[in-house]
Amino acid sequence: AIYSSLDIDLILSRCKRLLEEYFPIDRMVMGFFDPEENALHNVSSASDRKSFLNERIVFVPREVAGVFSKRRKLTDQVVISNHPDDEPEIAHWLRSVGHPAASGMSMQLSLDKEYIGFVSVVAKGWNRYIEEHAQRFQFLRGPLAMALSNALKHQELLGNKEKIEEENNFLNREIRRLSGEGGIIGLDSGMKTVKKLVQQVAPKN
C-alpha cells in the first residue's frame with residue numbers, strides 16, 4: 001500500500017491508520033532538515049484533526065540547529081521524547097505542528113546511506129511512548145524512506161514542469177507585446193534583405 005501512490009499525504013494517512021493499532025498517534029509528520037537554511041521542512045502531515053500544520057517551513061534557532069544536524073546521522077535508531085520541555089529543539093518543532101504539550105517519536109530516513117528526511121509521530125500528553133513502540137515504528141523505516149524519496153522527486157518534477165510552463169507563457173506574452181508595438185526587433189530588416197535578394201535574382205530567370 002505504501003508504494004502504490006505518489007501522494008505522500010495519502011501514504012502517511014495509511015501508515016497512521018496501521019500504526020494506531022500498536023501505539024498512540026495524534027499526528028504523523030514527514031519532512032526533512034536543511035542545514036544550510038537551518039530549517040525544518042514539514043512535507044506532509046496526517047491527523048484526525050481537520051487543522052493543518054501551523055508552519056510548513058520552520059526556521060530553527062541557531063542554538064538548536066546543531067542538534068537537528070546531528071540527528072540526520074542517526075539512521076539506525078528511533079528517538080523518544082517523552083518530556084519535550086527538556087529538549088528545546090523538540091519543543092520548538094512540536095509547537096510548529098500544533099502539539100506543544102505532547103510526546104514524540106522520530107526516526108531519520110535514508111537510502112544507500114544518503115539522508116532523505118525524517119518521520120515523526122506525536123501523541124498528546126507526557127510519557128506516551130516506550131521502547132516497544134520504537135521497535136514497531138522501526139519496521140517502517142525502509143518503506144517510508146522510499147516513499148518520501150519518490151514523493152520529493154515527484155514534487156521536483158512537477159515544480160520543473162510548472163517552471164517551464166511559466167517560462168513559455170512569459171515568452172508568448174513577450175512575443176505578443178513586441179508584435180503589438182511594431183514587430184519583433186530585426187524582423188523587418190531581415191525581410192527587407194530577403195526581398196532585395198529575390199529582386200536581384202528575378203531578372204536572371
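Visitor: How far apart are Glu 132 and Arg 136 in helix H4?
Guide: Glu 132 and Arg 136 are 4 residues apart in helix H4 (residues 131-138), so about one helical turn separates them. Helices here are DSSP runs of H or I with at least four residues, and strands are runs of E with at least two, numbered from the N terminus.

Visitor: What kind of structure is this, and how are residues numbered?
Guide: This is a predicted model, in which local features need pLDDT of at least 70 and side-chain atom pairs count only at pLDDT 80 or more, while totals for chains, interfaces and linings use all residues. Residues are numbered from 1 along each chain as its sequence is written, and side-chain values use heavy atoms, with hydrogens and water left out.

Visitor: How does Glu 132 count in terms of accessibility?
Guide: Glu 132 counts as partly exposed at 43% relative accessibility, and Arg 136 is also classed as partly exposed, at 32%. Buried means under 20% relative accessible area, exposed means over 50%, and partly exposed lies in between (1.4 Å probe, protein chains only).

Visitor: How many salt bridges does the structure hold?
Guide: It holds 4. One of them joins the side chains of Glu 20 and Lys 16 at 2.3 Å, N to O. Glu 20 is partly exposed at 33% relative accessibility, whereas Lys 16 is buried at 4%.

Visitor: Which residue forms a salt bridge with Glu 89?
Guide: Arg 71 does, with the closest N and O atoms 3.6 Å apart. This pair links distant parts of the chain, as Glu 89 is in helix H3 (residues 88-96) and Arg 71 is in helix H2 (residues 62-71), 18 residues apart.

Visitor: Is Glu 89 buried or exposed?
Guide: Glu 89 is buried, with a relative accessible area of 7%. Arg 71 counts as buried too, at 11%.

Visitor: A change of topic: where does Ser 45 lie?
Guide: Ser 45 lies in strand E2 (residues 39-47).
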